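Biologist: Could you walk me through how some of the helices pack here, and then a few individual residues?

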Amino acid sequence: MAARLQRPLVAVLCLLLYHLRSGLTVPDPRLREALMKQEASMQTGGRLVLNDAERRLDALLFKMKQEEIMKADFPPTVHFFQARHLINKSPIYNLLQKMPKGGALHVHDFSMVPADWLVKNVTYLPNCYMCCTDNRSIRFIFSSQWPKPLLRCSPWMLLEKLRAETTNVTELDNSIMGNLTLFTYQDPDSVYPSQDVVWDRFEQAFGALWGLVTYAPVFRDYYYEGLSEFYKDNVMYVELRALLPQIYELDGSTHDTAFTLKTYQEVTRRFIADHPDFFGVRVIFTVNRGVDLSVMTSVVEEAMKLQQLFPDFMAGFDLVGREDSGRPLWFFREALSMPAERGVTLPFFFHAGETDLQGTDVDQNLLDSLLLNTSRIGHGFALPRHPVAKDISRKKGVAVEVCPISNQVLKLVRDLRNHPAAALMSENHPVVISSDDPAMFGSSGLSHDFYEAFVGFGGISSRLGSLKQLAINSIRYSSLSPKLQESALALWQKRWDKFVSENTV
């Protein structure tokens with residue numbers, strides 16, 4: 001098989017060698033055509049053979065893209081907050097919404113559901129209290145009694161009473177909503193002038209929604225609604241990065257992490273029962289990379305136990321939080337080596353390379369993640385600057401989870417045509433597209449990120465084969481067993497064929 005794939009390249013090289021030795025001064029058009037075809041075949045999906053219906057859809061999509069690229073406000077060149085309304089009107093985006101996209105492999109637990117759902121469906125529940133922090137954020141808690149004071153926060157206010165006393169409830173709700181998302185209609189570069197500012201706001205938003213979503217009744221409903229968001233965006237499988245927090249009840253009592261993971265499992269089963277064509281969910285247990293070594297050691301111990309308790313549902317372990325300000329993987333090498341030393345299976349799915357600080361300790365996370373045998377690389381924005389890590393990643397089939405909108409919003413790249421993943425996709429490096437924190441960014445489950453990758457990374461040369469390969473990658477590089485991958489691919493293929501036939505009439 002490998003030899004058969006190499007024959008076109010050998011032929012092109014022979015033609016190029018002949019051209020150089022002959023001393024011809026006029027380029028040979030046959031050589032030019034051969035080189036262009038060879039380059040096209042090397043990109044993601046470049047070697048897929050399309051059937052007649054797929055070729056018709058490919059031609060339609062190519063025409064759409066030609067028109068899209070000629071627009072004055074080309075969305076990938078514009079900050080997503082300003083480009084969203086442009087993307088939503090795009091015929092390409094409309095098509096991508098209908099497209100079966102396979103799995104979303106990089107999604108965080110408390111950024112699945114739009115902020116307006118939380119405001120309308122959660123903050124109006126009885127016994128919901130809010131306070132304002134001294135750094136202009138908010139916090140929530142549900143309690144059957146008046147809550148105890150929270151450090152560095154105003155006195156608690158019962159939201160039901162506050163709304164009754166407020167003349168403009170809509171303004172209050174919009175203010176609450178603004179604290180639960182990064183999305184803004186203002187100039188995003190003015191609101192978030194630096195990485196430090198946007199990351200601080202990002203973390204404050206998670207702090208604001210924490211007390212809402214960790215309340216037991218809301219937790220179940222929130223997760224079910226989150227799966228609904230991805231399902232309606234034609235995503236059939238999700239791998240969820242989850243902190244597994246202590247879920248609390250109205251009386252203040254809390255549950256352990258095993259309860260939280262079991263709740264995820266139970267709600268997933270209920271969702272699949274309601275949506276039989278949804279393939280499922282696996283959870284990647286996470287901890288913030290800002291903890292100390294002793295805490296990390298205890299969390300890894302807990303992760304190993306949970307992996308044994310939930311072998312089919314828990315996919316593995318990861319560290320989350322801002323890489324630039326967190327501790328590097330190497331700092332935790334002793335704790336992270338424990339599973340291998342004990343012969344315990346605990347797959348890793350490390351965030352690594354979500355940085356532009358070249359040459360720092362943080363920048364070494366890419367190599368260290370591979371040394372620690374990570375199954376995939378979360379973000380991998382810095383990977384092209386690490387040729388050794390890049391080569392290992394390709395040879396070992398360690399896919400990069402690329403989250404275009406997240407990288408732009410968090411100010412790693414401005415123009416998505418210049419995203420490093422464009423180069424990775426041009427050489428068919430193992431890549432999957434995901435959305436990271438869609439609720440924080442005001443994006444869809446997966447379609448907005450697919451749009452940015454397809455139109456921004458791929459330019460005019462990226463065709464239907466690229467989209468098809470990316471969807472296939474999301475299953476092939478998932479944590480599902482080989483047998484389940486085949487089942488998921490068979491289900492996806494049926495949806496794909498239906499999608500193609502319905503859009504080539």
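Predicted model: local features only at pLDDT ≥ 70, side-chain atom pairs only at ≥ 80, totals over all residues.

Biologist: Which residues in α11 and α12 meet?

Modeller: From α11 the residues are Phe 219, Arg 220, Tyr 223, Tyr 224, Leu 227, Ser 228 and Tyr 231, and they meet a set in α12 that includes Phe 259, Tyr 264, Val 267, Phe 271 and Asp 274. Sorted by class, this contact has nine nonpolar, four polar and three charged residues.

Biologist: What about α22 and α23, how are they oriented to each other?

Modeller: Their axes cross at roughly 150°, and an angle over 145 counts as roughly antiparallel, so that is how α22 and α23 are described. The axes of α22 (residues 464–476) and α23 (residues 482–502) come within 9 Å, and this crossing is right-handed.

Biologist: Which residues make that contact between α22 and α23?

Modeller: In α22 they are Leu 464, Lys 468, Ala 471, Ile 472, Ile 475 and Arg 476, which meet Gln 485, Glu 486, Ala 488, Leu 489, Trp 492 and Trp 496 in α23. By class, the contact of α22 with α23 has eight nonpolar residues, one polar residue and three charged ones.

Biologist: Switching to the largest nonpolar core, which residues touch the most other members?

Modeller: Those are Leu 180, Tyr 264, Phe 317 and Leu 336, in a core of 141 residues; Tyr 264 is also one of the α12 residues in the contact with α11.

Biologist: And what does Leu 180 contact, leaving aside neighbours within four places in sequence?

Modeller: Its partners on that basis include Ala 115, Leu 118, Val 119, Phe 140, Leu 212 and Met 440, and Arg 201 is among them as well.

Biologist: Is Glu 68 buried or exposed?

Modeller: Glu 68, which lies in helix α3 (residues 52–69), is buried, because its relative accessible area is 1% and the cut-off for buried is under 20%. Leaving aside neighbours within four places in sequence, Glu 68 is in contact with Phe 74, Ser 90, Pro 91, Ile 92, Tyr 451 and Val 455.

Biologist: Where is Asn 174 found?

Modeller: Asn 174 is in helix α8 (residues 169–178), and at 44% relative accessibility it counts as partly exposed. Asn 174 and Ala 115 are 59 residues apart in sequence, with their C-alpha atoms 9.8 Å apart in space.

Technical notes
Residues numbered from 1 in each chain as written. Heavy atoms only, no water. Axes fitted to C-alpha atoms, helices over the stretch in contact; angles between N-to-C directions. Helix = DSSP H or I, 4+ residues; strand = E, 2+ residues; numbered from the N terminus. Parallel < 35°, antiparallel > 145°, perpendicular 65-115°, else oblique. Left-handed = near helix turned anticlockwise from the far one by under 90°. Contact = heavy atoms within 4.5 Å. Nonpolar A, V, L, I, M, F, W, Y, C, P; charged D, E, K, R; others polar. Core = buried A, V, L, I, M, F, W, Y, C linked by side-chain atoms within 4.5 Å. Buried < 20%, exposed > 50% of the residue type's maximum accessible area, 1.4 Å probe, protein only.
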